[in-house]
Structure formats: structure tokens, C-alpha cells
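Hi everyone, thanks for coming. I'd like to walk you through one structure today, so please have a look at it with me.

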Amino acid sequence: MQWSLRLGRVNGVPVEAHWLLALLVGAVAYTGWVRAGLAGLVSNTALLLVAFACVLIHEIAHTLQAQAINFPVRRIWLLPLGGLAQLGRLPEHPQEELRIALAGPLVNLGLGLIFAALAGLWISANTIVGPLEFEVRLVLLRGGPPLPYGLLMLALTNLGLAAFNLVPAFPFDGARLLRSLLALVLSRSQATQIVVRLGWAIGLLCLLAGAAVARPFGLTGLITVIGLGLTAVLGTSAEELFERQVVVLRSLPVRAAVRQPTVVLSPTDPVTPALAATLKQLGHLPPLMPVLDQGRLVGLLPTRALAAAVARPAPVTVAEVMLPTASRLDADTDLWTAQLALADAAQGSLPVFDGEQLHGMLTAADIRATVLEPSVLLPIQPAQLISAGQPSL
């Protein structure tokens, strides 16, 4: 990603950190330096990194659960306000969404309880002179000894993440948990509308309550409540827009989004500068161009492979550089299903068939254009196949 730094992989899934995290780490480190010099800088930075390690564990839990029920995960993305496990496709059934959403908070809750128990055992065995609750508060206020203090901070961080993510407003896990439970007895659309209304109420309430929280809890409380409110409002509005787009996609067939005419090639076409120039003149080309042999799809030629093929010292034909055919779509399939198929294929475009006849190539850009202006491509255009080597087919 342009705005991300690759940190590694977890179970085959790339882990990336947004570059704004560097600014956050710098700001927190500087605040610690101003407060307590080098010791403050180190402690502030360490606490922030520990917090994001807990966030990473949270997202890994989502990832492993998704993979366990055969959902591909594209990446884990660490952001200044949390993390995101980006699924290759979204769960359609409430039981699937419930299992994936519940995994993160459960792991944080379990870790929080384990660290709290370990801290309690250490304090009980070493420093008890009064009630355990008093000793715990004393350790937190004094910032030591290091071992119980670190354990308590890990416990508080994980328990805080679990509680924060159970807020029933998008994009938090609590909203997805609530929607999946409601979707067991209602339609997904009805369940989403209920959670969206609740999310708007929580977001607006937090924004209104910000000023009231500032006096008893200070700047930290104000930032927390305002941040929660903004996140809920933005996340809820994004989820509401997404659900509307899904409704549009489900209502339209694939044939409505396929651009016509469609440029096709023959396996025997030589890949020459003349062919590349002809294709450029024909205008819009998908990432993959269909290759037909007597009306039968036999391969796909990546548009980006043209330049490399043209530059070869010895002339080649389309058959020598084309890719084998993979997935295909039926022209009457709804666009939502087609979008999921495109994401799974991860190749930019898919061939669309009307029976045994090629109707064209569908790309993600075609789907986006249809969502933005669903009436532009209607009435549906018949298939028009144009050969790059002949006037028409």
C-alpha cells in the first residue's frame, strides 16, 4: 500500500502499518520527554507499542477465525485509531459474522483476565500490607514495581480494548455482533437499520457529552469521548452507504454493467507494435482481454503484458503469452455476487457469458460506475465483439 509499511505476515496475511502511526508514536514520545525526560519518552513509547501489540493480537484473532471458516483475509492494517482485518469477501450468514466479530473481543478479554490474575498473584505474594485493591491502586499510581505495573497495564489495555470494541456502533465489533444476533430473527437489511440508528444515537450523544466529560475527566476524557463519537458517526454513515450499495448491486444483473463493444483477440494474432496501436485506438480495455478460437474462450491476455511481448526480439503470438481461463460469470448473475467473485479471483476482470456466448468482460470499475449511476448503462446493451485484427466478429 502507498500509505503503509509492510511489517511482515501472519498465517500468510500481510501486516501493514499506516504511516500516520509514526506521527502518533513521535507525538506520544515527545509528550513523555516533556513530562519526565528520557524515562518518560521510553515509558510512553513502550506503552503505546504494547497497546498496538494488543490491537494486532485482536486483529489476528479475527483473521484466524475468518480463515477457519474459509474466508480469505487480504491484510491486517494497523491504523492510528485501531486496526482492521480486511476480508476478501464479507460474511453473508449471521452465524459467520458472529463468529468472526466475537473472536477479537474474546481474545482481549481472556488476555486481560490472565494478566490481571498474574499481577494480583505477584502483589499478593510480595507486597500485601493492606487490601489487594489498595495495593493495586498503589502500584498503578507509583508506576512500579516494573513487573506488576507492566502486568496491570497489559490487563487494563486488553480489557479496555474488549470493552471499547463491544460498543454497538459501526465500525466496532459490537455493532456486527448485535447485527448478527438480530439477523437470526430479522432480515440483514432490517438488522442493519436498527444498528445504524443505534450507532447514530451513540455517536451524537458522545459528541454532545464531550463538554460535560471534560471537567471531571480532563483532556484525556474529552478526547476519548469525542473520538468515540466521531468514529461512531463516520463508521455508521459508511456502513449505511455500503448497505445501500449492496441493495443496488443485488438488483442489477452483470450484463447491465458490462461495457460494449468488447475487444477480443485470436490465439494466432501476432503481438506486434501494430496490434498494440490498434488496441490503443479502440479505447477502453479491461485488465484482461478475452482470446477466442472459433467463438470459444481459450485464454485471457493481460493488457500489461502487451508491452513486454512487443519488446521481445523474436515475434510471438497471443497464444504464447495468454493466461489460461479461470472463473467466469453468468450475465444474469447479480452484481453483488459478481463483486465477490472478482475479489476472490484477484485478477482485475472476469469474462461474462450469456449461455455459451461471450458477453464481455466485467471489471471493478464497471461495478463502481453502475453503483454511482445505475441508470446510465440501461437499457442493457447487446453483446458486441470486435476483433483487433478484423473489423467485426
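Let me start with a question: which side chain meets that of Arg-255 in a salt bridge? It is Asp-332, with an N to O distance of 3.0 Å. Before I go on, please keep in mind that this is a predicted model.

Now, where do these two partners sit? Arg-255 is in the loop between α6 and β5 (262-264), while Asp-332 is in the loop between β10 (329-330) and α10, so the pair links distant parts of the chain, 77 residues apart. Arg-255 is buried, at a relative accessible area of 15%, whereas Asp-332 is exposed, at 52%.

Leaving aside neighbours within four places in sequence, Val-254 is in contact with Asp-330, Ala-331, Thr-333, Asp-334, Leu-335, Ala-338, Val-352 and Leu-362. Val-254 also belongs to the largest nonpolar core, which has 18 residues, and is one of those that touch the most other members, together with Leu-249, Leu-329, Leu-335, Val-352, Leu-362 and Ile-367. At least two residues of this core come from each of α6 (188-251), α10 (335-345), β11 (349-354) and α11 (364-372). The largest share, 5 residues, is supplied by α10. Apart from this core lies another, of 15 residues, including Val-271, Leu-275, Val-291 and Val-321.

Let's move to the sheet. It is open, with 4 strands in the order β1-β2-β3-β4 and mixed pairing. At the edges are β1 (4-10) and β4 (82-87), each pairing on one side only. From one strand to the next, the twist averages 20°. Helix α1 (residues 20-68) packs on the sheet and touches β1, β2, β3 and β4, and its direction makes about 160° with that of β3.

To finish, the whole structure holds 12 salt bridges. Glu-97, Arg-176, Arg-179, Arg-188, Glu-239 and Glu-243 are linked in a network of them. Within it, Arg-188 is partly exposed, at 27%, but Glu-243 is buried, at 9%.

Technical notes:
Residues numbered from 1 in each chain as written. Predicted model: local features only at pLDDT ≥ 70, side-chain atom pairs only at ≥ 80, totals over all residues. Heavy atoms only, no water. Pairing = 2+ DSSP bridges. Axes fitted to C-alpha atoms, helices over the stretch in contact; angles between N-to-C directions. Contact = heavy atoms within 4.5 Å. Core = buried A, V, L, I, M, F, W, Y, C linked by side-chain atoms within 4.5 Å. Buried < 20%, exposed > 50% of the residue type's maximum accessible area, 1.4 Å probe, protein only. Salt bridge = Lys/Arg side-chain N within 4 Å of Asp/Glu carboxyl O.
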